[in-house]
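The sequence and the structure come first, and the discussion follows.

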Amino acid sequence: MEESAKCIKAELARLLLALRTERGWSVYDVERRCGVSRSTLSRMERAVTDPTVTMLAAVCRAYGYPASRLLAEAEERGQRR
């Protein structure tokens with residue numbers, strides 16, 4: 001995987017974790033709200049797995065946060081690294 005893609009993936013993971021932490025939610029809370037399993041959510045937050053567009057959209061809807069904005073922020077931060 002290209003280095004910039006790895007950085008973006010890492011930033012996406014950090015942002016997903018930050019969204020959950022800011023709300024004081026557990027991975028169980030997010031799972032209930034979006035239907036993505038806790039194990040998958042955990043792997044997404046640790047940059048172990050690449051989320052599908054469908055999964056990312058579901059998680060972002062649960063947070064009330066636009067997926068396009070999340071990806072743009074991850075890309076911006078990843079390029080600065």
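Does R23 count as buried, partly exposed or exposed, and at what relative accessibility? In this predicted model, R23 counts as partly exposed because its relative accessibility is 30%, a value that lies between the 20% limit for buried residues and the 50% limit for exposed ones. R23 belongs to helix α1, and its C-alpha is 22 Å from that of K9, a residue 14 positions away in sequence.

The structure contains 1 aromatic pair, formed by W25 and Y63, whose rings are stacked with 5.4 Å from centre to centre and 20 degrees between their planes. This pair joins distant parts of the chain, since W25 lies in the loop between α1 (3-23) and α2 (27-34) while Y63 lies in helix α4 (residues 53-63), 38 residues apart. W25 counts as buried because its relative accessibility is 18%, and Y63 likewise counts as buried because its value is 6%; the limit that matters for both is 20%.

Two arginines are also placed over the ring of W25. R23 lies over the face of W25 at 5.9 Å from the ring centre, and the charged end of R33 sits over the ring of W25 at 3.9 Å from its centre.

**Helix packing**

| Helix pair | Angle | Distance between axes |
|---|---|---|
| α1 and α4 | about 30 degrees | 11 Å |
| α2 and α3 | about 115 degrees | 9 Å |

With an angle of about 30 degrees, α1 is roughly parallel to α4, and α1 passes α4 in a left-handed crossing. On the α1 side the contact is made by L12, L16, L19, R20 and R23, and on the α4 side by L56, V59 and Y63.

Which residues of α4 are buried? They are L56, A58, V59, C60, A62 and Y63, and what covers them includes α1, α2, α3 (38-45) and α5 (67-80).

**Backbone features around α4**

After α4 comes G64, whose phi is positive, near 70 degrees. Most residues other than glycine have a negative phi, and A47 can be read against that background, having a positive phi of about 60 degrees although it is not a glycine. A47 is placed in the loop between α3 and α4, and with a relative accessibility of 24% A47 counts as partly exposed.

Methods. Residues are numbered from 1 along each chain as its sequence is written. This is a predicted model: local features need pLDDT of at least 70, side-chain atom pairs count only at pLDDT 80 or more; totals for chains, interfaces and linings use all residues. Side-chain values use heavy atoms; hydrogens and water are left out. Rings of Phe, Tyr and Trp (its six-membered ring) pair if their centres lie within 6.5 Å; planes under 30 degrees apart count as stacked, over 60 as edge-to-face and the rest as tilted. Helices (H or I, at least four residues) and strands (E, at least two) are DSSP runs, numbered from the N terminus. Buried means under 20% relative accessible area, exposed over 50%, partly exposed in between (1.4 Å probe, protein chains only). A charge sits over a ring if NZ of Lys or CZ of Arg is within 6 Å of the ring centre and within 35 degrees of the ring normal. Axes are lines fitted to C-alpha atoms, for helices over the stretch in contact, and angles run from 0 to 180 degrees between N-to-C directions. Angles under 35 degrees count as roughly parallel, over 145 as roughly antiparallel, 65 to 115 as roughly perpendicular and the rest as oblique. A crossing is left-handed if the near helix is turned anticlockwise from the far one by less than a right angle, and right-handed if clockwise. Contact means heavy atoms within 4.5 Å.
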